[in-house]
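Here is a short report for a reader new to this structure. It starts where two chains meet and then turns to the inside of one of them.

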Amino acid sequence: MASILISSSEKYSGKSSLCTGIGIILQNKGYSVGYMKPIGNMLVDVNGVLSDEDAEQMRRVFDLKDDRNHITPILLTDNLAEDALAGVEKHFDKTLADAFSEVSKDKDVVLIEGTGGIGGGAMYGLSDPQVSSILGTKMLLVTRYDSVYAVDRILCDIELIHDPDMLAGIILNEVDESQMTYVCELVVPFLKDKGIKVVGVLPKDSTLRSVPISEIVEDLHAEVLAGSEHLEELVEHYLVGAMEVNSAIKYFRRNPGSVVITGGDRADIQMAAIEARVKCLVLTGNLQPSGAVLGSADEAGIPVVLVRGDTMSTIGRMEGLIGHARFRKEHKLDRMVELIENNVDVDGLLSIIGL
Amino acid sequence: MLEKLFEPTSVAVIGASRTKGKVGRAVLDNLIESYKGEIIPINPKADEILGLRCYPTILDAPNAAELAVVVLPAAMVPDALEKCGLADVSNVVVISAGFKESGIEGAKLERRCADIVRKYGMRMVGPNCLGIIDTGSGLNASFAASMAKKGNIAMMSQSGAICTATLDWADARGVGFSKFISLGNKADLSENDFLLEMADDDSTSVIAAYLEGVKDGPKFMEIAREVSHKKPIVVVKSGRTAVGSRAVSSHTGTLAGSDEAYNAAFAQSGVMRADSVEQMLDYIRAFSSQPVPDGKNIAIVTNAGGLGILTADACHYAGLSLSSFDESTIDRLREMLSPAANFYNPVDVLGDAHSDIYGYALETILDDPNVDGIIVLTSPQAMTDVKSIAEVVAEKAVASRKPILCSFVGGTRIEEGEDILDQNHIPNFAFPERAVSSMAALCNYGVIRKRVHLEPENINADKESVSSILKKARSEKRHTLGLESFDILKAYGIPTVGTSNVKTLQEAIDASEEMGYPVVMKVLSSDISHKTDVGGVRIGLKDRDDVERAYHTMMSDVRRYIPNAVISGVQIQKMVTGGKEVIIGMNRDVQFGPLLMFGLGGTYVEVLKDVSFSVAPIGKDISRKMLSSIKTYPILTGVRGESPSDINSIVDTLCKVSQLVMDFSEILEFEINPLMVLPEGQGCVAMDIRLTLGSE
């Protein structure tokens, strides 16, 4: 039985996407794939049982039958933090090892997803490298390449992994098209010289960053007022309409494919957004817009949704939605698999972990 | 074209009612009151209403109606329109509300109505309107409280309330109308159709409109430009401010549009904009009764010095001149007026002046060829016989071919005089400033109707290369283009500063050496829109060392401000000195299309807002006007011994930009900033551009 822990420099670097993508590829190759997220940090209530959001997603995608508390044996609750600070001994290494041996049963390979950033969980003795050594598994490090400073981050992270043999390799994620040559010709060879194997360089992809409007509606508990037949359209950005109307129209035009967040009483901004043909209007403050505006939105085929929260809190929710490629939709899974197949040395990775 | 709408031989009222207080009854009452043709009430629940035979549907009526007025609940309107179509009705007026103004279902109903009307080749006024009135045919197909008096003013309004208020005001002032149209939601017929109709309507001599937006801006301009040669068009356009435009959007589900665009579009197409309904009514009173003057030289006749001075000041602000009288005029005035009177303009006939003195002064001044129009002022002093003065003014005004406007200032003591002026259709204004503003409108129209529209010259341009630059950007999903797209300007023959786009420091040095110092360095990045703000511009680099230091500090600065910006390199530009910076811009207005902007450049341009606007396409005439209408224009013509700038080259560039943005409708925003203008004869060069591309 082979296994690998997928870790990242920072949260939102693409661990879940990669886990899913790699898992699907392995399943397609005929392997039976197991999954574990040892430390759950995104708590959800599943029919009275606490679980982790990522773990739930993977249970669905890989059709896993394992117990929830085997997939995610430790949940980061407030109590846990207090106990750790008070020095209460919890024997996490045993809990982990037991769960791992359960999850590994009848599996060819187990994918283990890290918690947040690489150092997350260190206060419990459960940072990614620590988990990795408890379970005796190698690590795959994912880093979002936003600028050359990502190289600093990688080198720093690797310092945390004491045994160089524990690192299976790294993946540079979300590399801008214009930086591709630079990364491939300078960054990758540099890392190789340092003894770090780059197993993949993934380009930035707009499909992965986008979300369907229906997901926004669901997440914001919004009421759909117009354009309900266009809820499967994908949006890539959100904009906030809080300026004067003539500036708004310019701003909206420069960012097509956006969802615009504005107050329900800002009819001028709403019309500017409709005129600029944005993808969706999110109206805040539970303020019903005018009928005339809704009529125009409907004519233009632009969904208008109403939320209870104010603009600031809606922005907060939206931050968490757009750009964090969560996989509720098939098309994203397909795209991720395609990206990995084209840009990651999957076979090389498999041989490193002994598969 | 729309005769059958205004002069139908028969009218059906679909939704006619016998119940007092219902719209279906009010419309029927109004029709019965003054309309001479056949009236056909339609109501399935009645056999007869007000003595008229009633039919269940329009298809049951033995005679076809040319016009149908629909006053049914919104949901029943599409079916009624289908039946109108089958019954061969030519035009419909849909008074019913509950359409686009009310929400999604209403908007759908409205689209259905428009489709049905189109299918049968009918035309529709409304929905959601007050109705229409034609005083010539006696048609009052509205639920207005009263019928308009006969007159020569055609008025249309996007607000039913302003219709009723105007009708009531006009009734009190004795002002009459030829046609009165409540536009409603403009699902089919709009201001454009009615402008065309009124242009050829013999009973109309002035057109007034209250609008919250126009349906098709370019078409509006094209039509208004033609019509304004024949008849004055006065428009109140509301929704000028941020709060006002929010109200327009909420009320009508449209964008109010930028006020600059409306001002530019109206000015270019000869439409006179009134700032308020009061001003519109002032103007149309003047136009409906007074001739249009040949010039802007105005004489003032007053019995009070203070009023005369106020009026003189107002004339100055309104762009009118005070006439300088012929010597003979002054001599003639001297003969009859008291020696203490003022014989020059403003002419003060003094407080004790009787009507014969007013009459003499008016006659004398009207004879003076230097006078194009007269403003008569009267203050009710103890000795003033307001009534007979009004009679004399009326007598002279009726006989004159020059406009005479009055301002009898006061309250109860001037009422009698005011009535006489009203009866004789001499506009009297409560205060002189309104008389002056109306006189200015008359004078401005004198210029408008003589104006010649020049079609812009065609400019040879390499459209294909622009097309391929834009296509490439779109395929790369880039929506904002900058320096890297200089070739767009070159394709239109707009001179650009010598530039070289490079990727590395070494290339930057090589390019600078080849170009010759001093040079300017600018960062190239589609993620940065304001380069200066992030340290992305370095000027006056004199040698290799300067270039090297500038490169390093620029990269460091830019990365500090925008850490994630993707930098594709830098642009090395030849440093241009000794010129003045101007800006040429374009923003595609939602109503009128490409709105060109011109202004002097520099750091304070956004604060001073000293810019002018025009709707493209423009030729050299309008382009030149754009330049001369900014306050700081003298800086370009040369102040304090400075040599004048090459104004012709700016005019050329404006025309070229106008054509570029007309040729490529996908360019939503465009800006050359700065355009460096060199001294006369040396041309201008574009230093930087920025443009936004539309998604499709």
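Asp298(A) and Lys108(B) join their side chains in a salt bridge, at 3.9 Å from N to O. The model is predicted. Between chain A and chain B there are 5 salt bridges.

Which elements of chain A supply at least two residues each to the side that touches chain B? They are strand 12, helix 11, helix 12 and helix 13. Helix 13 gives the largest share, with 8 residues.

| Element of chain A | Residues |
|---|---|
| Strand 12 | 223-226 |
| Helix 11 | 245-254 |
| Helix 12 | 267-275 |
| Helix 13 | 291-300 |

In total, 33 residues of chain A are in contact with 35 residues of chain B. The two chains bury about 2,600 Å² between them. Carbon and sulfur atoms give 57% of that area. On the chain A side, Arg253(A), Arg254(A) and Ala292(A) lose the most area to chain B. Together they make up 24% of what that side buries.

Now the nonpolar cores. The largest has 53 residues. Within this core, Leu5(B) and Phe194(B) touch the most other members.

One stretch of chain B carries a record. UniProt, in an unreviewed entry, places "domain: ATP-grasp" at residues 486-522 of chain B. Over these residues the chain is 43% helix and 22% strand. The end C-alpha atoms of the stretch are 13 Å apart.

How values were computed:
Residues are numbered from 1 along each chain as its sequence is written. Chains are lettered from A and ligands numbered from 1 in the order in which they are written. This is a predicted model: local features need pLDDT of at least 70, side-chain atom pairs count only at pLDDT 80 or more; totals for chains, interfaces and linings use all residues. Side-chain values use heavy atoms; hydrogens and water are left out. UniProt positions are given in the numbering used here, feature names are shortened, and annotations may be inferred rather than shown by experiment. Helices (H or I, at least four residues) and strands (E, at least two) are DSSP runs, numbered from the N terminus. A nonpolar core is a set of buried Ala, Val, Leu, Ile, Met, Phe, Trp, Tyr and Cys residues joined through side-chain atoms within 4.5 Å. Buried means under 20% relative accessible area, exposed over 50%, partly exposed in between (1.4 Å probe, protein chains only). Contact means heavy atoms within 4.5 Å. Buried area is the accessible area (1.4 Å probe) that two parts lose on being put together, summed over both. A salt bridge is a side-chain nitrogen of Lys or Arg within 4 Å of a carboxyl oxygen of Asp or Glu.
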